Structures are given as structure tokens and as C-alpha cells.
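Please consult the sequence and the structure shown below while reading.

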Amino acid sequence: MDNNDTKKAERIKTQRRAHLPKLPFHNIAISLSGGGFRATSIHMGVLSYLSSKTYRGTTLLERVRVLSTVSAGTFAGVKYITTLKKGGTIEDCYKSLYMFMVGKNLVGDALEYMADDSNWTKGRQRSLINAFASMYYKEFESENFGILWEENPPIHLKEITFNATEFSFALPFHFRKAERPHAKVGSIAHEYIGNKKIHIPVEVAKEIRLADIIAASSCFPFGFEPINFPDDFIYEGAVKLKDKFLLPHNVFDGDKIEYPIGLMDGGIDDNQGVDAILTAEERMKNYTDELKEFRSDDKKAVDLYILSDGTNPNMEGYLPSNKDKLKIIGKWNFNSLSRFGITSSVIGVMAIVMACLCTSKTSIISLTMFGTLGLMIAFVLLVFSMGFVGLTKRMGVPDFFVERLFHVDKLKFRDLNNLLVNRRKSVSKMVSKVFIKHMRWFSHERVYGDPVWRPRLIMNAVFELTEVEVEKRKKKYPYFTNELTEPGKEIMSVAAKALKMGTTLWFTPEELEGDKNMVNTVIACGHFTICFNLLEYFEKYIYNKTYQNDYERYSDEIKKELKELHAALLEDWKKFKVDPYWMVNEWNEKLIPKES
């Protein structure tokens with residue numbers, strides 16, 4: 001390679017190399033993942049910690065301009081925004097979320113509501129997701145989506161998206177409040193509330209209850225059925241939601257929109273809410289006039305993107321079941337049922353005949369009952385003895401397939417059980433782990449695969465400070481200071497405990513016992529993990545020799561502010577290493593009643 005080629009290669013390498021933001025931490029984006037109340041608690045920890053750190057006269061939390069939430073992350077996102085719009089603070093939000101998670105029997109209340117016939121006289125479909133939505137409205141959030149459009153008080157968030165997935169065109173469905181509308185059709189402004197196929201007019205969307213948006217965003221498969229728009233969103237007092245003429249019925253490419261539209265968990269498509277952040281950043285590039293201060297004059301409109309992730313990407317491998325769990329009937333097959341059925345019917349008939357010949361009233365009653373029971377058992381056994389062949393014939397399955405089920409009827413029940421168990425296990429793992437892990441990788445690749453985004457990213461995941469991940473990090477980043485590579489046993493123990501919590505919408509009574517209970521543990525994990533990741537960000541980018549030239553371009557004032565922020569983070573980190581619960585204890589002491 002000659003000298004000119006070398007220079008050209010170096011120039012291309014420099015162009016491709018990521019650069020530090022011109023104004024680090026100036027404008028921030030954050031996405032809150034799904035993952036049950038574990039994720040909600042992690043996000044509570046992240047938001048409350050960001051509110052405790054000041055940079056250039058403003059807290060890091062108040063520098064967040066873009067918010068994207070998915071599933072359980074929507075609980076935290078909705079409550080934080082409505083709290084601000086009603087003049088409240090992060091402390092008010094923290095208390096509301098905490099008391100809701102530990103003080104409500106959400107599952108029991110929803111099932112009780114669902115069982116009461118009087119709750120289903122106004123048109124909404126009787127379903128579990130609608131019962132939960134009603135509980136969210138009653139116990140958690142009673143505001144409508146329209147509160148986000150109220151001018152006062154102004155809030156620091158400018159781009160807000162609550163994510164779901166729709167079942168008509170298999171696309172993400174965004175409940176979005178943007179500063180600049182995307183399109184105007186006639187006199188109606190659209191902000192892509194919905195998606196590229198379905199545009200819900202703003203005036204219609206404003207009537208939607210935030211509780212129903214939470215339900216749509218967190219309506220996870222297997223646990224719930226879809227919530228239907230607009231049918232399940234209509235309530236007494238809603239006017240425009242009831243008017244189907246206001247809703248779009250045709251798509252620009254000719255497809256017809258059929259209502260109702262089934263909505264489910266946003267995590268089906270993007271459990272980290274990355275897509276909404278990327279599209280918001282593109283819109284922010286067009287901010288002008290009074291909005292100009294809320295976008296960065298840089299290659300990206302935001303200087304830092306925090307992915308707050310409450311999910312566990314690790315998974316155990318698939319292990320097939322080959323055990324005989326049917327100890328008594330495991331050796332039977334459908335032919336066995338036929339023999340037992342015939343035997344039972346003979347015994348039953350004989351018992352009834354004997355009852356007819358007896359003169360004792362007691363014997364007559366006893367033999368009649370015994371005979372009837374024998375005939376009932378015989379009926380059940382003979383019905384099931386038809387096996388897959390007989391049952392599928394009655395269901396109208398074509399003979400081509402029925403004939404091939406003949407040999408299945410010869411299998412013993414223990415083998416059939418293992419066949420069913422293995423399919424259930426594999427499908428469950430595919431949906432809950434393999435599929436979600438693949439989507440997680442795909443979402444992350446959209447930002448981590450972009451060199452411009454890379455020095456603007458912080459992944460804040462619940463599992464990062466477990467012992468396994470700590471050891472991996474030592475090998476991957478040998479240049480990290482000992483302060484980061486050695487978080488200590490206390491932090492690793494708390495992180496491991498937080499990771500053990502399931503992705504449920506409840507805490508068990510056992511999990512809520514003591515000051516170091518599960519909810520406090522997961523919030524604490526959010527506190528010290530975001531503290532760690534902010535420090536890691538300094539070492540990977542801000543203070544890294546690779547970016548020294550970028551750093552030297554900062555003004556003395558910015559360097560001073562960065563140094564002060566780093567010192568404050570390091571001070572907190574040292575305290576976390578001694579007591580991982582110190583911050584959650586301070587917040588709870590100030591905000592949470594003792595009996596909780």
C-alpha cells in the first residue's frame with residue numbers, strides 16, 4: 001500500500017470512528033424495558049438516582065428529553081409523566097409506584113372484578129386484560145392520555161412513547177406525544193399515534209385512558225388475551241372514541257383497516273423500546289425556535305441514550321423430559337381404556353341387575369349407585385378409548401391425516417405425556433426466551449451497530465453486577481480501574497437476588513418481609529447499577545485515551561462540570577460498596593409509611 005492509500009485508509013478510519021458528543025449529558029433519551037414488577041422497580045431506581053445527580057445546574061433526570069416505555073416499564077413512565085403534569089415531583093412518583101406495587105392485591109382484585117356480572121353491562125368484553133385495566137384505572141392511574149397535551153406545567157420530556165404491538169398488520173403500535181406532528185390529512189393532525197398503517201387522530205387519542213394504555217403495553221402473551229381498540233377503550237363519558245367515523249378505515253397503500261384492532265405487549269416486537277427512541281431522535285433534528293434548546297447540534301440530537309433493561313437475557317438450555325411421571329396409568333394406552341371401559345360397563349350392568357333382584361332397600365340403593373357409577377366411568381373410558389383417531393374424525397379432520405394417527409393410539413400414556421411436555425417446554429422457551437432474546441439482539445444492533453451512537457449509549461441491565469458478569473467484564477475491559485472491576489461481594493449478592501425475582505405483576509408476602517425485601521432489593525439494584533454504568537461511561541469514553549482529542553475540545557467549564565459529576569458518582573459508588581441499600585433506605589425513610 002503506497003503513502004496515498006495509507007492516508008486515505010486513515011482518513012476513512014477517522015471518519016468512521018465515533019466521536020464524543022459536543023455537549024455530554026446535555027440532552028438525554030431513556031427507554032424503560034418490560035420485565036414485570038422487577039423491571040418497574042429497576043426503572044424506579046434509575047429515575048430516582050438520576051434525579052439525585054446534578055450537571056450544569058440541572059439534575060440528569062431533568063435533562064431527559066425522550067422517553068420510550070414497554071410493558072412493565074410503562075407503569076413507571078406513565079406515573080412519572082402524570083405526576084409532573086399535575087405539578088408533582090420524582091419523590092411523589094416514587095411513593096405512588098412503591099405503594100401500588102406493595103400495597104395492592106392486583107391479581108386477586110382483577111379476578112374479583114372479572115367475576116362480578118355488574119361490571120360488564122356497558123359493552124366492554126369480559127376478559128382478564130380488561131379486568132386488569134379497570135384495576136389500573138381504579139388503583140393506579142385515572143388520567144387520560146390528553147393530559148400530555150396540557151400546556152401547563154411544561155415538563156422536560158418532549159418526546160414520549162408508550163409501546164404496544166397490534167394484531168392487524170403485525171406492527172408496533174405507538175401511543176405517542178410528539179412536539180411536531182408528522183402529517184396533516186385535511187384538518188386533522190397526526191402524530192403517528194398508531195403506526196405507519198394506522199393513524200389515530202390526536203383528538204380521539206386524547207380520550208384514551210392511560211390505564212388502558214398501560215394494559216395494552218403490558219398485555220403479555222399466555223397471561224392475557226389482546227385488548228381491542230377501540231371497543232375495549234370506550235367508557236362512559238368518551239365521545240370521540242365512540243365515533244368510528246373519526247377513525248381511519250383505509251391505508252394509503254390500499255389495505256383496509258378492520259376494527260377492532262387487537263393490541264398486546266410492546267415487548268413482542270421490541271422489549272427495549274429502541275425504535276421509538278430512534279424515530280424521536282430523527283424528529284428532534286427538525287426542532288426550531290423555542291424547541292431548539294432541547295436538541296443537540298451534533299450528529300445525534302441527543303447526547304446520551306440510557307437503555308434501562310429489567311430483563312434477564314440468559315437462558316438455560318432445553319432439556320427433554322423422558323421420565324415416567326404417570327406411575328399408575330403410564331403403561332396404559334387407548335386400547336387399555338377400551339378394555340377397562342368394557343369391564344366397567346359389565347360390572348355396572350351386573351350391579352343394576354342384582355339391584356332389581358334384591359328385596360333389601362339398602363342393597364337396592366347401594367347396588368344402583370355402584371352400577372350407575374360403573375356405567376358413568378365406562379362411558380368416559382369408552383369415549384376416550386376412541387383415541388386420537390376417533391376424536392379427530394369427529395372433529396372433521398381429513399382422512400389423510402386421521403390414518404396417520406393410528407399408530408399414535410398405540411403409544412403408552414407416559415410416552416404421550418413426554419411428547420406433550422417436551423412440546424410445551426420448547427414452545428414456552430421459544431416464545432419467552434429464544435424469541436425475546438433474538439428481538440433484544442436485533443434492537444440493540446440498531447444502536448450498537450451504529451458507530452455514531454456507540455459513545456452515546458449506556459446499557460443499564462439488572463444482571464450487570466452479578467458475579468458472572470463482573471468476571472466477564474474484567475477480561476473485556478482490562479483498562480478499567482480497580483474501583484469498577486471489583487464491586488464487592490455485597491453488591492454482587494444484591495444483584496443476584498434481584499435477578500432471581502420473576503417477571504410477575506406482584507410481590508409475594510415472603511418477598512416483602514424485612515427492610516431488605518425484594519422490592520427494596522430491586523430498587524437498590526437500579527440505584528447502584530446506573531451509578532456504576534455512569535462511571536463506566538466515563539472510563540469507556542469521556543476519559544478514555546481513544547477520545548482524548550474530543551475531550552480536549554471541551555471548554556474548561558464543561559471539563560469542570562464533568563469532573564464534579566464524576567466525583568459525585570464515585571462517592572456514591574463507594575457508599576454502595578459498603579451498603580447497597582443506603583439510597584433506597586434514605587428514600588423509604590423519607591417517603592414510605594413504616595407499616596409498608
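In which helix is Ser134 found? Ser134 belongs to helix H6, which covers residues 128-139, where helices (H or I, at least four residues) are DSSP runs numbered from the N terminus. This is a predicted model, in which local features need pLDDT of at least 70 and side-chain atom pairs count only at pLDDT 80 or more, whereas totals for chains, interfaces and linings use all residues. Residues are numbered from 1 along each chain as its sequence is written, and side-chain values use heavy atoms, with hydrogens and water left out.

A polar atom of the Ser134 side chain lies 3.0 Å from the backbone oxygen of Asn130. Leaving aside residues up to four places away in sequence, Ser134 is in contact (heavy atoms within 4.5 Å) with Tyr113 and Arg124.

The table lists buried residues, where buried means under 20% relative accessible area (1.4 Å probe, protein chains only).

| Residue | Relative accessible area |
|---|---|
| Ser134 | 11% |
| Cys219 | 0% |
| Cys525 | 0% |

As for the cysteines, the structure holds zero disulfides, a disulfide being a pair of cysteine sulfur atoms within 2.5 Å.

The chain has a mean pLDDT (the predictor's confidence in each residue, from 0 to 100) of 88, and 87% of its residues reach 70 or more. Over residues 7-16, however, pLDDT stays under 50, and the model has two contacts beyond four places in sequence for this stretch. Residues 183-190 also have pLDDT below 50, with 14 contacts in the model beyond near neighbours in sequence.

Key: Helices (H or I, at least four residues) and strands (E, at least two) are DSSP runs, numbered from the N terminus. Buried means under 20% relative accessible area, exposed over 50%, partly exposed in between (1.4 Å probe, protein chains only). A polar contact is a pair of N or O atoms within 3.5 Å; within protein, one must be able to donate a hydrogen and the other to accept it, and residues adjacent in sequence count only if both atoms are side-chain atoms.
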